[in-house]
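Please look over this model with me. My notes follow the sequence and structure.

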Amino acid sequence: MNAPTPALVASRPERLRLVGQRRQILTMMHQRLMFGLLVYGGVIAIIVLRILYLAAFGDHAGAKRGLTALVPERGDIIDRDGQPLARTIDAWTIGLWPQKVIGDKLNLARKLAQLMPEKDEAAYFAMLKSGKSFFYLRRRAAPNVVEAVNALGEPGIALEREPDRLYPQTSLAAHVIGFTDTDGKGNAGMERAMNDRLADPAMRGQPLQLSISSRVQQALEHELLDAMTKHSAVGGAGVILDIHTGEILAMTSLPQLNPNAAGQGSPEARFNRATLGVYEMGSTFKPFTVAMAMDAGIIKSFGKMYPCPGELHVFGRTINDTHPYNRACSVAEIMKESSNIGSAQIADQIGGKRQREFLDKMGFLNAVPFELRERGRPLLPGNNWGPLETMTVGFGHSLAVSPLHLASGYATLFNGGVYRPPTLLKIGKGHAAGKGHRVFSEQTSYKMRSLLRLVVTEGTGKKADAPGYRVGGKTGSAEKYYNRSLLVTTFAGVFPMDEPRYAMVMMLDEPKGTAETFGFRTAAWNVGPAFGRAVSRIAPMLGVSPNKNREPDMSLVLPFVHEDAKH
Amino acid sequence: MSAARSFRSVFMVASCAGAALGCYLVSLRVASERAALEEVETRIVLAQRDIRLLQTEIGTRGRLAQLERWNVRVLALSAPSADQFLEGGFQLARLGRPEPTPAVDAPVVLASAPAPDPQPAPLVEGESGAVGAGANQSAAQLMREASFKIPVRETVAMEEPIARPQPRKPVETASRQTTRKLTELTKPVEKKTVRAPVAKAPAKTVRAAETGPAAKGKKAGDKKVEASVKPVTKPVRLANVDPLAPLPAKANSKRTAKDSGSAR
């Protein structure tokens, strides 16, 4: 209709051009209109389709969200039997908005001081007057306090629920589990080591299962605490390992810590002696020395004799024995009465290089590779590792390791000679046992059973025996390097000795003599009996059935213990 | 037809609207069902949360440290010792020792009726001959042997309803001998002298000893027997519970019941 009429006569070129331009403009306008139409149509179609979709598949207005599954703010931690060790619950928090307070401030301050006496009236009044926007009055408040505060009816007081970490077993395995800060971030123990796993929204629905068994842990903690109080020790540590898998079944450090209020604990209590603390372990090292010598072919039978004079003078140092033999003594006797002189000579024969290699393979030269971040690096002689140090390391001096190292070493020695890294996570579907490597030969491992059993049946560890459970182990009493009058007493043992399954280490830090121990404060008198009691409680829980008729092959050692050597 | 044709569009619209309404109703229904389901799910989750809270509270209140404290202060339970564990059923069975069962050929039954007093008395008296004879005789009469041969017993019981012979000493004899002695016993029974030895009272036995054979004491016996019937029942009762000789005891008890009746 608007099309230009064709010119009958040839129009002028500019005219022709004008007609062409007009047509072009018109088509362009058409195109634009069409485009606009399509855009509007498309938008409307999208809206309609969306509405239809929502009508068909969408939720209705009253649908609730977020409560379809129970996912805690932070993953639970459970023990190997499924008992909860850490949980996140909703706790009440009482806050204060001073500027929103409408009532009489002095009166309110008075009432608050009555309800929450941790601050006095003046302090509350100062808060109310301060002009700041917010105060926390109390976190994790008890329901009755919340109720009472709510009854004040003051709009300036905020009552809110916020997720809070609760440790139902309080101090049980506190150093393993660790604790969180007020923001729910892991600050120690597994809470810190596994923080990402516990806070991960995808994973936190599943609890984190530890290898700890809470009943075993409780028994160990109780017996150790008992010994610690009885002997006025400043601290203690205990570890139980499954020697075949490397699982840590119980690990404790004393004094106790309540992770629900970790901030109130002393730094001493927060310190993990079992993994972070390193100590000279004394005679508990001697079995390693003997095993090394057996593997190196130096000792072929426990009947091999060494001169055991009253004192041994080497490199300007004098090595003493608590039970001097003053005669030649066999390897079995050296171990039985824990002779430093004999062990030093054995270590000397092994040599420094070989000793270091063995210790390295046992993981004694590095921090224990496991989950916790609190791992202590061993203190080594370093560049001074000469012949004298080789000898002293042979009986557990000049080398400081953590109790976990020691337990792991005993596990290596008695599980057939294979080192396996310890772990705090339960071995199972999601977590395979660590890769092991051989340190001692199987035969050495087998022979050592009777040697350590001898220490308990005949030697220094008699008090650590738990009848029927075939305990084998070694006492160790080492002086502290900064004060030679203070002792660290240790008992490292394995049970049942005829077929070892569990290694256990108990340690007391600075025990004192009591009337009951006749003033003695060596391991045989304090930590030894505690070890025996602990084993007789723990072994049945772990399925070790007592049997008084079973023993390891004692014919390997008994012929080499001379009667006159008995004290 | 034309009307129908002209209304066809109306019908079409109406049916479409109806179908749409129906669909909408169905979807509404589905939505409300879904909402109800969600409500239930929410309630389940809330209940789970409550359960969790309660479990946490119970777990906290009954934490192991608390149990340990109670144990130390109140219960004082300790770990079982090695001896308290058993390897299996055999060891358990070994713990329970059964009651020693009597051997079947256990020789003896001693149902001692009359007290031991009478015997010393005659001995002290010194009349060895007479006393000895009397004592011997009474002893022989008192004696009765255990036997599981019930029929023999029964016949004895029938024959002498009054006699209550109490064997005093264990006598080891075969059952053949028993029968022989039983026949011996029956003789004095007929004379009713048996009562004298049976009677418990020491004085009477002494008298019997003085007068010689037991046969002479029968008059004195008559009264005494009545008195002595009661004491006699006592040992009988004892014999009843004696596991060594259940059968004779039973026979005795039956007999005494009858005896006392007939005596009176």
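**Notes on two helices**

1. Start where the chains meet. Ser214(A), Arg215(A), Gln218(A) and His222(A) in H8(A) meet Leu64(B), Ala65(B) and Glu68(B) in H2(B). Contact here means C-beta atoms, placed from the backbone, within 7 Å. By class, this contact has two nonpolar, three polar and two charged residues. Helices are DSSP runs (H or I, at least four residues), numbered from the N terminus.

2. This is a predicted model: local features need pLDDT of at least 70, side-chain atom pairs count only at pLDDT 80 or more, and totals for chains, interfaces and linings use all residues. Residues are numbered from 1 along each chain as its sequence is written, with chains lettered from A and ligands numbered from 1 in the order in which they are written.

3. Now the geometry. H8 (residues 214-230) of chain A packs against H2 (residues 64-75) of chain B at an angle of about 50°, and their axes are 10 Å apart. Axes are lines fitted to C-alpha atoms over the stretch in contact, and angles run from 0 to 180 degrees between N-to-C directions.

4. Turn to H13 (residues 352-361) of chain A. Which of its residues are buried? They are Gln355(A), Phe358(A) and Leu359(A). They cover an arc of only 95° around the axis, so they lie on the same side of H13(A). The arc is that of the directions from the helix axis to the C-beta atoms. Buried means 20 or more other C-beta atoms within 10 Å of the residue's own; exposed means 12 or fewer.

5. The face of H13(A) turned away from the buried side carries exposed Lys353(A) and Asp360(A). After H13(A) comes Gly363(A), with a positive phi near 80°.

Technical notes:
Ala, Val, Leu, Ile, Met, Phe, Trp, Tyr, Cys and Pro count as nonpolar, Asp, Glu, Lys and Arg as charged, and the others, Gly among them, as polar.
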